[in-house]
Amino acid sequence: MDLFCTAIHIFPKLPEGETAICVVRLGMSRRHRASRGFVIVQASVFGVLFLVPLIGLPISTRIGAIAIVPAASAAYHVWLDQENTPQIIPAQGQTLLAFLLYAFGVGIGQPKA
């Protein structure tokens, strides 16, 4: 999820014709493809979250799924119009909120030692 925070903060500041860090990390060279990769990576995170009980973690770790709301909104903004920087700026805050909610939700879902 940390990749999302890094990626989304660099994405809007991308000057025309240059490649953002998230684009390089995802192995892509265009904004359109990078926006699709951003959505795929986010979907993968939540897919794995729902599989954690299968590896022995408590089902309560799924509380982190609350982060899917701002994450989906951020993915929607990036997917919708990746060429229009003002359109994707709200995704910055939503991605940070998703990161915090995910960390908090999964953290309180862990059993106390």
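The legends below describe close-up views of a predicted model.

Residues are numbered from 1 along each chain as its sequence is written. Because the model is predicted, local features need pLDDT of at least 70 and side-chain atom pairs count only at pLDDT 80 or more, whereas totals for chains, interfaces and linings use all residues, and side-chain values use heavy atoms, with hydrogens and water left out.

View 1. The secondary structure of the protein chain comes to six helices and zero strands, where helices (H or I, at least four residues) and strands (E, at least two) are DSSP runs numbered from the N terminus. Read along the sequence, the pattern is α-α-α-α-α-α. Of the 113 residues of the protein chain, 36% count as buried; here buried means under 20% relative accessible area, exposed over 50%, and partly exposed in between, with a 1.4 Å probe and protein chains only. Contact means heavy atoms within 4.5 Å, and among the contacts in the protein chain with a separation of 6 or more, residues 24 or more positions apart account for 60%.

**View 2. Helices α3 and α4.** The axes of α3 and helix α4 (residues 68-80) come within 9 Å and cross at roughly 165 degrees, with axes taken as lines fitted to C-alpha atoms, for helices over the stretch in contact, and angles running from 0 to 180 degrees between N-to-C directions. The two helices α3 and α4 are therefore roughly antiparallel to each other, given that angles under 35 degrees count as roughly parallel, over 145 as roughly antiparallel, 65 to 115 as roughly perpendicular and the rest as oblique. In this pair, α3 passes α4 in a left-handed crossing, a crossing being left-handed if the near helix is turned anticlockwise from the far one by less than a right angle, and right-handed if clockwise. From α3 the contact is made by S35, R36, F38, V39, Q42 and F46, and from α4 by I68, A71, A72, A74, A75, V78 and W79. Within this contact, the charged end of R36 sits over the ring of W79, 3.7 Å from its centre; a charge sits over a ring if NZ of Lys or CZ of Arg is within 6 Å of the ring centre and within 35 degrees of the ring normal.

View 3. Helix α4 passes α6 in a left-handed crossing, and the contact is made by P70, A71, S73, A74, H77 and V78 of α4 together with P90, A91, Q94, T95, L97, A98 and L101 of α6. H77, placed in helix α4, is buried with a relative accessible area of 17%, and, not counting residues up to four places away in sequence, H77 touches Q87, I88, P90, A91 and Q94. V78, also in helix α4, is buried with a relative accessible area of 1%. Although V78 and R31 are 47 residues apart in sequence, they are 9.5 Å apart in space, C-alpha to C-alpha.

View 4. Helix α3 passes α6 in a left-handed crossing, and the contact is made by F38, Q42, V45, F46 and L49 of α3 and T95, Y102 and V106 of α6. Rings of Phe, Tyr and Trp (its six-membered ring) pair if their centres lie within 6.5 Å, and planes under 30 degrees apart count as stacked, over 60 as edge-to-face and the rest as tilted. By this rule the count comes to one aromatic pair, namely F46 and Y102, which are edge-to-face at 6.1 Å centre to centre with 90 degrees between the planes. F46 lies in helix α3 (residues 31-49) and Y102 in helix α6 (residues 90-108), so the pair ties together parts that are 56 residues apart in sequence. F46 itself is buried, with a relative accessible area of 6%.

View 5. Q110 is found in the segment after α6 and counts as partly exposed at 32% relative accessibility. Q110 and P58 are 52 residues apart in sequence and 6.8 Å apart in space, C-alpha to C-alpha, while Q110 touches L57 and T61, not counting residues up to four places away in sequence. R30 lies in the loop between α2 (21-25) and α3 and is partly exposed, with a relative accessible area of 47%. R30 and Q82 are 52 residues apart in sequence and 10.0 Å apart in space, C-alpha to C-alpha.
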